[in-house]
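Hi,

Here is the structure I promised to pass on. Have a look at it first, then read my notes below.

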Amino acid sequence: MPPQPLPDSSQAAKLPPTMHAVVLDEFGAPEKVLHPGTMPTPHIGADQVLVRTLLAPIHNHHLWIARGEYGIRPALPAVDGDEAVGTIAAVGKNVKGLSVGQRVACARIAGTWAQYFAAPASAVVPVPQWMGDETAAQLLSMPMSALMLLDSLRLRSGDWLIHNGANGAVGKALAVMARARGIHTLNLVRSQKALEELVEAGITEGNLSTAEPDWPQEAEKIMGGRTAGAAVDEIGGPVDVGMANLLREGGALVSFGAQGGQPVIISPADLIFRGITVRGFWATREARSMPPETKKRLLGEVLGLLQSGQLKLPVAGIYSFDQITQALQANAQSARNGKILLKP
C-alpha cells in the first residue's frame, strides 16, 4: 500500500507531510508511466529508520517494476526504485547503533526514488567515510548481486566462467570479482564498442564479441581447449547454445536476466547426454535466506575491491526527479558507460 503519513513525534514534526518522488500510477512503458509527483512522507516503525535520499540509481529491474513484469508487483500508486544512499532523518525507538544524520546505503527497499523512504534498521549499511555518494548509491544491488551469484557457483581458482552482457554493471563486476578469486572469465559482448568498454574498465583478457560468426571457435582458443564450470546468461537467445557447448559435463547455465527479451535456449542433447543443468538466480530471493555472516563476508569482499580500486562503479549522469524522462532516455543509450543516478 502507499506510504502512510508520519506519526506526530518530535522527530517527525520536523518533516513535511508530503514529499517529492517519482510516482508510478499504472503499469506500462516506463517513459510513459513514471512521472514526478508527490506522495505522503512514510512513517517508521520501532525497528526502522527514515532515510533522506541523496542519490538513487536506475537499474534494469526498476523498468520491469514499472512495466508490472518484475517478481515484486507493488500496489499503486507506488514509488519506484529500491536502492539509494542517504542520511538518516529519524530512527525508531528500538533502533540501536544508528543515529540521525548518519550516511547509509541500502538495497531491496521499495520506494527509494523519493525524498524519504523507510527501511528496516537491519537492512541499511553505514557508508565508510572514504566512499563517495556516487559509489555508495550503487554499492549493494549490482556488486552484491554479482558476488552472491559468483559465490553460489562454487567455482575454484583456475576454473573458467562464461558470461554474456559482460559490459553491463553486473558483468564488469563479475569479471573483476572472479579474477580476484583466481577464476578465469570468458567475457561475451555484442559489439566492438562493448569490447572497448571492457578494456576501459580494466578488463583486458578473455573478451569476445558474439557478433563474430566464429566466436565459439575463438572462445575455445581463448580457453585453451578447456571447458567452463558455469555460464551466466543475461541476454537469452541463440548465444545460450554456444555457451552451453563450452561447459564441462555437469556444468550449469544460470539465467540472471533477459536483456535481449528472448528465452533461454539449450539443446536437449546437452541436458540429456552431458547433464548440463539450467537454473535461475534472483538475488532478492537469495538474500532472504542468506545467513548474516555470509552477507557480512561478501560485503567485506566488495568493499575491499572498491577501496583497492580493482572494482569501479562509474556514473554516466545525474538527473533530478523532475528530469525522470530525460534520465530514462539517458539510461536507454547503448553507448552509456556507467549508471544513471537520480536525486531529489
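A quick term first: buried means under 20% relative accessible area, exposed means over 50%, and partly exposed is in between (1.4 Å probe, protein chains only). This is a predicted model, where local features need pLDDT of at least 70 and side-chain atom pairs count only at pLDDT 80 or more, while totals for chains, interfaces and linings use all residues. Residues are numbered from 1 along each chain as its sequence is written, and side-chain values use heavy atoms, leaving out hydrogens and water.

Now the salt bridges (a side-chain nitrogen of Lys or Arg within 4 Å of a carboxyl oxygen of Asp or Glu). The count comes to seven.

One of them joins aspartate 159 and arginine 248, at 3.5 Å from N to O. Aspartate 159 sits in the loop between α4 and β9 and arginine 248 in strand β13, so the pair ties together parts 89 residues apart in sequence. Aspartate 159 is buried at 11%, but arginine 248 is partly exposed at 33%.

Helix α11 (residues 292–308) is worth a look too. Helices here are DSSP runs of H or I with at least four residues, strands are runs of E with at least two, and both are numbered from the N terminus. Among the buried residues of α11 are Leu298, Leu299 and Val302.

Which residue does aspartate 151 form a salt bridge with? Arginine 297, with the closest N and O atoms 2.9 Å apart. Aspartate 151 is in helix α4 and arginine 297 in α11, 146 residues apart.

Cheers
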